[in-house]
Amino acid sequence: MRAEIISIGDELTSGQRLDTNSQWIAERLGEIGVPVMFHTTVSDDLAANVMVFRQACERAGLVIASGGLGPTADDLTRQAIAEMAGVELVQDDASLAHIKAMFARRKREMPASNTIQAMFPRGARAIPNPHGTAPGIDFTLTDRVGKSSRIFALPGVPAELKEMFGATVRPEIQKVLSVGGIKKVIAHHRIKCFGVGESDLEGMLPDLIRRGRSPSVGITVSKATITLRITSEGENEQVARSSMLPTIETIRQCLSSLVYGEEDDELQHVVIRMLQKRKLTLAVAECGTGGLISNWLSECDPSGEVFKFGTVVRSPGSGAGLLGLPGEVTAGDQPYSPDFAAAIAAHVRTRAGTDLALSIGPFPQADSPTSVPGEIHFALARPAGVIVKSSAFAGHPEILKPRAAKQALNLLRLEMGDI
């Protein structure tokens with residue numbers, strides 16, 4: 001069995017609201033071994049809805065829709081399913097009684113328009129909605145050759161959708177899987193990497209990202225962080241996760257220190273954990289990244305246990321007095337040199353009284369002299385001295401700050417193993 005998820009609403013197709021229901025449903029289906037092959041988003045248009053439901057039933061045995069079950073004129077899900085199936089809408093008295101009771105408990109008179117929420121395509125069953133006035137729809141469409149698709153339509157309100165899925169939809173799907181002799185779960189695991197480009201990293205993995213491989217390995221990039229997504233199947237969670245262990249081990253062996261974490265880990269999470277484990281304190285001075293590193297570290301260490309001090313230097317000259325930098329460090333082209341980044345790190349470490357200090361020099365400017373054109377410099381001050389690294393300053397403007405911030409944190413992560 002494979003599934004398609006349909007999200008309905010003008011607010012989604014127009015971009016005014018983010019569709020989080022589809023993500024949540026897909027994750028829940030994966031937990032019971034149902035792969036989701038298609039995600040479709042459609043506006044509040046009857047003809048478009050009919051077409052989308054028809055296409056979904058042609059290519060998936062399970063269709064789960066969210067939205068379009070309200071009482072207003074733009075709520076068209078029930079009509080679309082009925083029209084697609086060639087059946088009329090009929091009233092479900094039990095659902096109508098539930099809706100009336102909901103209004104009575106709220107001490108409100110039920111508008112006549114809410115009666116439509118008790119109308120279902122003939123042959124459908126109602127999915128109870130304990131805390132809302134929009135019952136869901138459970139409908140099976142069988143075509144001329146006997147192929148059937150099971151449709152579950154749920155309201156778009158996330159809290160109601162999740163409750164109804166857990167109480168009714170999930171058990172119904174599991175019944176179908178049990179009758180068909182299908183019993184499996186789909187497990188996912190994410191490995192986080194930083195330090196090379198996507199194509200370079202793929203070349204370091206021996207045929208792991210090949211299509212059709214099991215477990216499968218996918219690769220995505222977001223602001224210079226590379227995520228490897230491992231997916232496996234098994235008769236239960238333990239079997240599924242055990243089957244991916246050799247792949248995880250191969251990835252770690254091949255990529256070594258490029259791997260920094262798993263699942264939701266970001267570099268700042270790893271750095272804070274390493275500092276806490278080693279009982280080290282850190283100060284940060286940022287010239288190029290506008291406080292991005294300090295913000296990340298503050299969120300991961302809200303009590304200030306290890307991240308003690310952060311400062312943002314908007315221009316090389318403006319921070320000289322505050323940091324106590326000697327004049328020769330800020331003169332001429334020095335602010336764009338490795339020496340400037342090293343001097344900032346050393347001075348901030350002394351003034352903050354921390355074990356370590358991390359600095360990022362200013363981003364090179366097109367009309368400014370630089371020691372090496374197009375480079376940004378990072379420095380880490382530690383008891384044994386100052387380490388300076390440089391990186392090419394190139395790429396889309398939107399990624400320059402987060403990538404530079406991650407490069408600085410990655411320098412700290414790699415060097416902490418030797419401290």
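The model is predicted: local features need pLDDT of at least 70 and side-chain atom pairs count only at pLDDT 80 or more, while totals for chains, interfaces and linings use all residues. Residues are numbered from 1 along each chain as its sequence is written, and side-chain values use heavy atoms, without hydrogens and water.

**Overall form**

The protein chain has 14 helices and 17 strands; these are DSSP runs (helices H or I, at least four residues; strands E, at least two), numbered from the N terminus. Its radius of gyration is 29 Å, well over the 22 Å that the globule rule gives for 419 residues, so the chain is more spread out than a compact globule. That radius is taken over C-alpha atoms, and the globule rule is 2.2 Å times the number of residues to the power 0.38. Along the principal axes, the C-alpha atoms fill a box of roughly 85 × 50 × 40 Å.

Buried residues make up 47% of the 419 residues. Here buried means under 20% relative accessible area, exposed over 50%, and partly exposed in between (1.4 Å probe, protein chains only). Of the contacts (heavy atoms within 4.5 Å) with a separation of 6 or more, 69% are between residues 24 or more positions apart.

**Helix 2**

Helix 2 covers residues 21–31, and its buried residues are Asn21, Ser22, Trp24, Ile25, Arg28, Leu29 and Gly30. These buried residues pack against strand 1 (3–8), strand 2 (36–42), strand 3 (62–66), helix 6 (158–179) and strand 9 (185–193). Just after the helix, Gly33 takes a positive phi of about 85°.

**Salt bridges**

A salt bridge is a side-chain nitrogen of Lys or Arg within 4 Å of a carboxyl oxygen of Asp or Glu. By this rule there are 16 salt bridges. Three of them are listed here.

| Pair | N to O distance |
|---|---|
| Glu31 and Arg170 | 3.1 Å |
| Asp138 and Arg150 | 2.7 Å |
| Arg210 and Asp207 | 2.8 Å |

Glu31 forms a salt bridge with Arg170, and this pair links distant parts of the chain, helix 2 and helix 6, 139 residues apart. Glu31 is partly exposed at 33% relative accessibility, and Arg170 is partly exposed at 24%.

Asp138 and Arg150 meet in a salt bridge. Asp138 lies in strand 7 (residues 136–142) and Arg150 in strand 8 (residues 148–154), so the pair ties together parts 12 residues apart in sequence. Asp138 is buried at 6% relative accessibility, and Arg150 is buried at 13%.

In the pair of Arg210 and Asp207, Arg210 is partly exposed at 42% and Asp207 is partly exposed at 47%. Salt bridges that share partners join Arg125, Asp138, Arg150, Glu172 and Lys175 into one network.

**Backbone features**

Most residues other than glycine have a negative phi, and most peptide bonds are trans. Ser214 and Pro215 are joined by a cis peptide bond, with omega about 0°. Pro215 is in the loop between helix 7 (198–203) and strand 10 (216–222).

Glu263, not a glycine, has a positive phi of about 50°. Glu263 lies in the loop between strand 12 (259–262) and helix 9 (267–278) and is partly exposed at 26% relative accessible area. Lys279, also not a glycine, has a positive phi of about 55°. Lys279 lies in the loop between helix 9 and strand 13 (282–286) and is exposed, with a relative accessible area of 71%.
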